[in-house]
Amino acid sequence: MDRDIIRGTEEKIWRLETEDGESIQMTKDHPLLCTSGWRRIEDLEDEDEVYSVKKDSFVRIRYVYPMEYQDEVYNLNIEYPCAERGFWAQGFVSGDFEMQNEAVEEQRRAEQQMELPLEIQEQLQKFIEIG
């Protein structure tokens, strides 16, 4: 498995703590494995559930909130040997740099679609379904 380390800076990071006291801090667009699939930490809410490697099950979030940071952050870009994606980060299943970028692009598309009139959104959805 090949991997690259990506370094950057962030003004804010997000802190997540589960009901059993486990916690992680990540950039807002970083995806975590949840009961509803891969979701950016920024989109999670108290009471959502994330996968805990230590518990080998999904655990409920107690808190998730942004914090001032102003420092360096690191991410991995991993070449996976199979279709399964994600890696362990502080006891949680997290997505890598590529997955983070995919989540950002998906969010951007969703925001653009929300700006379109409902009739156009429905036509686009039909076009996507037809392929």
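Student: Where is D48 found?
Tutor: D48 sits in the loop between β4 and β5 (49-52), with strands being DSSP runs of E of at least two residues and helices runs of H or I of at least four, numbered from the N terminus. This is a predicted model, where local features need pLDDT of at least 70 and side-chain atom pairs pLDDT 80 or more, while totals for chains, interfaces and linings use all residues. Residues are numbered from 1 along each chain as its sequence is written, and side-chain values use heavy atoms, leaving out hydrogens and water.

Student: Which side chain does the side chain of D48 make a polar contact with?
Tutor: That of R39, at 3.3 Å. A polar contact is a pair of N or O atoms within 3.5 Å, one able to donate a hydrogen and the other to accept it; residues adjacent in sequence count only if both atoms are side-chain atoms. The D48 side chain also reaches the backbone nitrogen of E45, at 2.8 Å.

Student: And what else does D48 touch?
Tutor: Leaving aside residues up to four places away in sequence, D48 touches R39, D43, V59, R60 and I61 (heavy atoms within 4.5 Å).

Student: New topic: how many helices and strands are there?
Tutor: There are 2 helices and 8 strands. Along the sequence they run β-β-β-β-β-β-β-β-α-α.

Student: What volume does the largest pocket have?
Tutor: About 370 Å³. A pocket is an open set of points on a 1 Å grid over the protein atoms alone, where a 1.4 Å probe fits, with protein on both sides within 12 Å along at least five of seven lines; lining residues have an atom within 4 Å of a point. Points are joined across faces, edges and corners, and the volume is the space filled by probe spheres set on them.

Student: What about the second largest pocket, which residues line it?
Tutor: Its lining includes R39 and D43, two residues that D48 touches. P31, W38, R40 and R85 are there too, as are M99 and E102. Two or more residues come from each of β4 (37-40) and α1, and α1 gives the most, with 6. The space in this pocket is about 280 Å³.
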